[in-house]
Amino acid sequence: MSARTNIADEEDWSDLDESSMIKIDGGIDEHDETSGLELKNNKSNKDFQKSEQQVNGSSTKILSTKRGVCKQAPPPLIQFCRSRYLCVTDITQQLWCEQQLQYRMMGVEPGLTDMQEIEAGDVPLSVKDKEEVKKGKSLHYARELETHDVVDVKISSNTDKWALNILNLLVAMRGFFSGIAKAREVPIFGDLGTGDMLFGIIDELHFDEKTYSLHLLELKTRKSTRLPGVAQAKQNALQVQIYKRLWDNLVKGNMSADFFLKKLCLEDSADLPLSDEIIKHMDQLPMSTVSLRNLFSLLLSTAQSLVCIGSMSIEYVHQDTHDLIGHVEVKEEEDWMWQTVLHSLEFWHGQRECEGVEVEEAWKCGMCEYGNICEWRRKKISSHIQK
Ligand code: SF4
């Protein structure tokens, strides 16, 4: 059994073709530290004009109004991630084009000829995007139902939301001890070693009881009948390598309750009883007092009895016929993963400006919905003309 929240998950919207990747941010946060910050106002207040200024060596956006009020915009991690954690797909979408991701997070409507703001959180999707997302999600869901039942759980707090994530991860882990070889849609979260909280959902984990080994499989649905090109294959490879690292860190005990609770601003509720809605799905767990801290401790001790992920692969399936397109093994490339993640995080922490694609990858702009408004692209074209 897997419990599913009534609140939209941050993942998994990644199974799209190269031209149709999206950012979706869901969930709730009782401790929304960005409430009242400038970005929210900015989205609904057309009086704001944006300019940029270098402050203390790192780039900081200054938002100025017609009334002359100036405020520093917080770094993207705070502007766009109310809960102060990143989804793994945020990082993989950056690898495609960070500028595109930023436009989506800002709610800039695709295909417009000028910047136009829409309601916060209402990230627009084209009809094509929606159809492809729907097909990808429906295949994921069908596969998930092959391994377990899914029940809807009504939750009303951020504490319950994270309890549910831990619960689903625990169910998968404990299943391996009781002879279940396959787990699907497994939440994974933690720190890669940078002090940032990441969250994702692993499509499949295969546990071999005989060899005591674990294989990670990522399912990607495709509109095309061919394997993806280099750029998208890199994104997918990065995604599974991050998942592996997050899982391995849990198994190695490289995450403390303090880090988990602090990052998610759940310290105040950590020792309170969870809601009845959550507790009624915890009857198989060996605990008398049920709090988020208890649940997290149980997760850590359970994870440490398991093994690190030994191998990874990606299965590409056609979105309409569900025919197998190909199966690609992924090798760990530690240096590349680190460099990529660290560069990504510089953006999230406001330590550098947002970047678009380089000239060698300008072909991406041809299929980008922001091609006609993109400042990065405009600057690149004019600097090329001047040469
Ligand atoms: S036009 Fe090019 S640089 Fe601009 S957002 Fe799109 S892909 Fe990125």
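Q: What is the mean pLDDT of the protein, and how many of its residues reach 70 or more?

A: The model is predicted. Its mean pLDDT is 79, and 76% of the residues reach 70 or more.

Q: Where is the pLDDT below 50, and how many contacts does the model have there?

A: Where pLDDT is low, the predicted coordinates should not be read in detail. Here the pLDDT is below 50 over residues 6-70, a stretch with 124 contacts beyond near neighbours in sequence. Over residues 113-125 the pLDDT also stays under 50, and the model has 26 contacts beyond four places in sequence for them.

Q: How are two packed helices described?

A: By two values: the angle between their axes and the distance between the axes. Take H3 and helix H6 (residues 230-251): they pack at an angle of about 155 degrees, and their axes are 9 Å apart. Angles over 145 degrees count as roughly antiparallel, so H3 is roughly antiparallel to H6. The crossing of this pair is right-handed.

Q: Which residues of H3 and H6 meet?

A: From H3 come Val-88, Thr-89, Ile-91, Thr-92, Leu-95 and Trp-96. On the H6 side they meet Ala-231, Lys-234, Gln-235, Leu-238, Gln-239, Ile-242 and Tyr-243. By class, the contact of H3 with H6 is made up of eight nonpolar, four polar and one charged residues.

Q: Are H5 and H9 roughly parallel or antiparallel?

A: The axes of helix H5 (residues 158-177) and helix H9 (residues 292-303) cross at roughly 25 degrees and come within 10 Å. Angles under 35 degrees count as roughly parallel, and H5 and H9 are therefore roughly parallel to each other. Their crossing is left-handed.

Q: Which residues of H5 and H9 meet, and what are their classes?

A: Residues of H5 in this contact include Trp-162, Ile-166, Leu-170 and Arg-174. Among those of H9 are Leu-292, Phe-296, Leu-299 and Thr-302. The contact of H5 with H9 has 13 nonpolar, two polar and one charged residues.

Q: Which residues come nearest to the ligand?

A: There are 14 residues around the ligand, and Cys-97, Gly-356, Cys-365, Cys-368 and Cys-374 come nearest. Two or more residues of the shell are given by each of helix H3 (88-106), helix H11 (363-366) and helix H12 (375-386).

Q: Where does the largest share of the shell come from, and which classes does the shell have?

A: The largest share, four residues, comes from H3. The shell around the ligand has eight nonpolar, four polar and two charged residues. H3 also takes part in the packing with H6 described above.

Notes. Residues are numbered from 1 along each chain as its sequence is written. This is a predicted model: local features need pLDDT of at least 70, side-chain atom pairs count only at pLDDT 80 or more; totals for chains, interfaces and linings use all residues. A residue is near a molecule or strand if its C-beta atom, placed from the backbone, lies within 6 Å of it. Ala, Val, Leu, Ile, Met, Phe, Trp, Tyr, Cys and Pro count as nonpolar, Asp, Glu, Lys and Arg as charged, and the others, Gly among them, as polar. pLDDT is the predictor's confidence in each residue, from 0 to 100. Two residues are in contact if their C-beta atoms, placed from the backbone, lie within 7 Å. Axes are lines fitted to C-alpha atoms, for helices over the stretch in contact, and angles run from 0 to 180 degrees between N-to-C directions. Angles under 35 degrees count as roughly parallel, over 145 as roughly antiparallel, 65 to 115 as roughly perpendicular and the rest as oblique. A crossing is left-handed if the near helix is turned anticlockwise from the far one by less than a right angle, and right-handed if clockwise.
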